[in-house]
Amino acid sequence: STPARRRLFRGFASRSLHIDRKTFTTYIRPILEFNSNVWNPSHEYLIDQTENVQHRFTKRIRQLSHLSYFERLSILELEPLELRRLRFDLVQYFKIFNNLSSITPVDYFNIRQPSLTSRAPVPFLVKPINKPNYVLSSFFYRSLNCWNSLPLEVKQSNSLNTFKFKLKLVDFFNLSWSVYCVHYFEGVSLVIPVCILRRPVVCILLYFILIICMPCVYMQSINK
């Protein structure tokens with residue numbers, strides 16, 4: 001809450017960026033990310049409400065208050081909270097598929113084995129179609145598309161630490177044009193369902209809309 005943030009700022013005499021960052025990552029971010037595999041939101045307004053905690057905290061740092069949100073994150077060496085929660089999901093997937101968890105993959109995932117003659121003979125996860133939204137937004141379904149789109153060398157990492165290291169190098173904003181992974185881009189929510197992107201006519205219209213709108217969106221993000 002706002003009073004809690006004010007008390008936290010008053011508790012430290014130093015206004016060093018390092019101290020401010022350490023304060024956030026020690027006292028606030030762990031609360032926001034605790035057990036996120038269970039509660040990670042899928043609704044846009046809930047994602048934005050969670051992200052706003054970090055947004056407002058970085059905005060209160062006087063040296064950075066005139067900068068945009070992503071510029072502040074870059075200087076503080078922080079990442080969007082939504083991106084971190086996505087990584088937590090994928091790390092848990094890796095644990096499950098590599099027997100590092102008590103969860104048995106075949107009990108919760110539909111793993112498709114393509115034929116050897118396929119252009120991509122790599123096992124992939126199938127998301128069910130006839131399921132309610134609250135089921136599709138649960139842990140076992142919400143990040144399937146992102147997992148399938150990960151480079152093969154990342155998914156076939158020989159250890160958990162190697163997977164985490166390679167995962168940090170993946171650009172989720174440009175992972176695949178047909179897969180929604182992270183919607184929080186430059187402080188603007190861009191949620192585009194995969195089913196829409198599979199329609200060529202809609203893709204063409206969407207492409208021209210983005211060309212026209214993105215310059216205006218970018219200018220707005222700079223002025224934040």
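**Confidence, overall build and a helix–helix contact**

The structure is a predicted model. Mean pLDDT of the protein is 79, and 68% of its residues reach 70 or more. The highest mean, 96, falls in helix 12 (residues 160-168). The lowest, a mean of 37, falls in helix 13 (residues 194-197). Over residues 185-200, pLDDT stays under 50. For this stretch, the model has 30 contacts beyond four places in sequence.

The secondary structure of the protein consists of 14 helices and four strands. The protein has 224 residues, of which 37% count as buried. Its accessible surface comes to about 14,000 Å². Carbon and sulfur atoms contribute 58% of that surface. Among contacts in the protein with a separation of 6 or more, 56% are between residues 24 or more positions apart.

Helix 4 (residues 44-59) packs with helix 6 (residues 81-97) at an angle of about 115°. The two axes lie 9 Å apart. Angles of 65 to 115 degrees count as roughly perpendicular, so helix 4 is roughly perpendicular to helix 6. On the helix 4 side, the contact involves Ile 47, Thr 50, Glu 51 and Gln 54. These residues meet Leu 81, Glu 82 and Arg 85 in helix 6. By class, the contact of helix 4 with helix 6 has three charged, two polar and two nonpolar residues.

Notes:
Residues are numbered from 1 along each chain as its sequence is written. This is a predicted model: local features need pLDDT of at least 70, side-chain atom pairs count only at pLDDT 80 or more; totals for chains, interfaces and linings use all residues. Side-chain values use heavy atoms; hydrogens and water are left out. Axes are lines fitted to C-alpha atoms, for helices over the stretch in contact, and angles run from 0 to 180 degrees between N-to-C directions. Helices (H or I, at least four residues) and strands (E, at least two) are DSSP runs, numbered from the N terminus. Angles under 35 degrees count as roughly parallel, over 145 as roughly antiparallel, 65 to 115 as roughly perpendicular and the rest as oblique. Contact means heavy atoms within 4.5 Å. Ala, Val, Leu, Ile, Met, Phe, Trp, Tyr, Cys and Pro count as nonpolar, Asp, Glu, Lys and Arg as charged, and the others, Gly among them, as polar. pLDDT is the predictor's confidence in each residue, from 0 to 100. Buried means under 20% relative accessible area, exposed over 50%, partly exposed in between (1.4 Å probe, protein chains only). Accessible areas come from the Shrake-Rupley method with a 1.4 Å probe; for residues, only the protein chains shown count as cover.
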